[in-house]
Amino acid sequence: MNPHESGASHASPQDESAKASPISSTPLLEAMTGKASPAKAAVGDAPVFAYFATLPQPQRGVAEAVDALAARTLPNLQRSVKWGMAYYGVGEGWCFSSGAFVGHVKVMFINGAMLLDPVPPVTPIGMGKATRGVELESIDDLDEKQLEAWMRQIAAVPGIGGKKR
């Protein structure tokens, strides 16, 4: 069970959302146009889990699955909400993000075009020329082995995700 999932066994997903956060679901954007959502910038696990609680399905399930994979993959994972998305880092830097949009969740790696092998296929609008990632429409689109490899690669780079050497 993810640390942000409720232990209730008979509640509907809507009931779970209501318990997880008093924030109601907000409409998702079609594409990146500045902030991905109205979620307030804040550092820590709680703001990220509160952001997830506002997402509709299937985006909520995809975002939580990406988060759970990151937690299993990266020791000392740090979370934050920035620009209306979940950001992840280790050491002294933020190295990738996960944001929900209409029809998909974007997982974007900072400087992914220069640092990742293979280079992820999606070039997002509004996130920098070197950022690359994937768009996941459902849990079935989540290639855990590949995402884990990219998470490990990007987190190992000093100044991006790893400690400066």
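How many of the residues of strand β5 (residues 104–109) are buried? The count is 6 of 6, so to speak a mostly covered strand, with buried taken as under 20% relative accessible area, exposed as over 50% and partly exposed as anything in between (1.4 Å probe, protein chains only). The model is a predicted one, with local features needing pLDDT of at least 70 and side-chain atom pairs counted only at pLDDT 80 or more, while totals for chains, interfaces and linings use all residues. Residues are numbered from 1 along each chain as its sequence is written, and side-chain values use heavy atoms, leaving out hydrogens and water.

Side chains in a regular strand alternate between the two faces of the sheet. In β5, H104, K106 and M108 point one way, V105, V107 and F109 point the other, and all are buried. Strands here are DSSP runs of E, at least two residues long, and helices are runs of H or I of at least four, both numbered from the N terminus.

Two strands count as paired if DSSP finds at least two bridges between them. On one side, β5 pairs with β4 (residues 93–101) in the antiparallel sense over 6 bridges, with V107 as the bridge partner of S98. These two strands make a hairpin with 2 residues between them, and G103 in the turn has a positive phi of about 85°. β5 also joins β6 (residues 132–136) through 5 antiparallel bridges, and K106 has E135 as its partner there.

Zooming out, 6 strands form an open antiparallel sheet in the order β1-β2-β3-β4-β5-β6. β1 (42–43) and β6 stand at the edges with a single partner strand each, so one side of each lacks a neighbour in the sheet.
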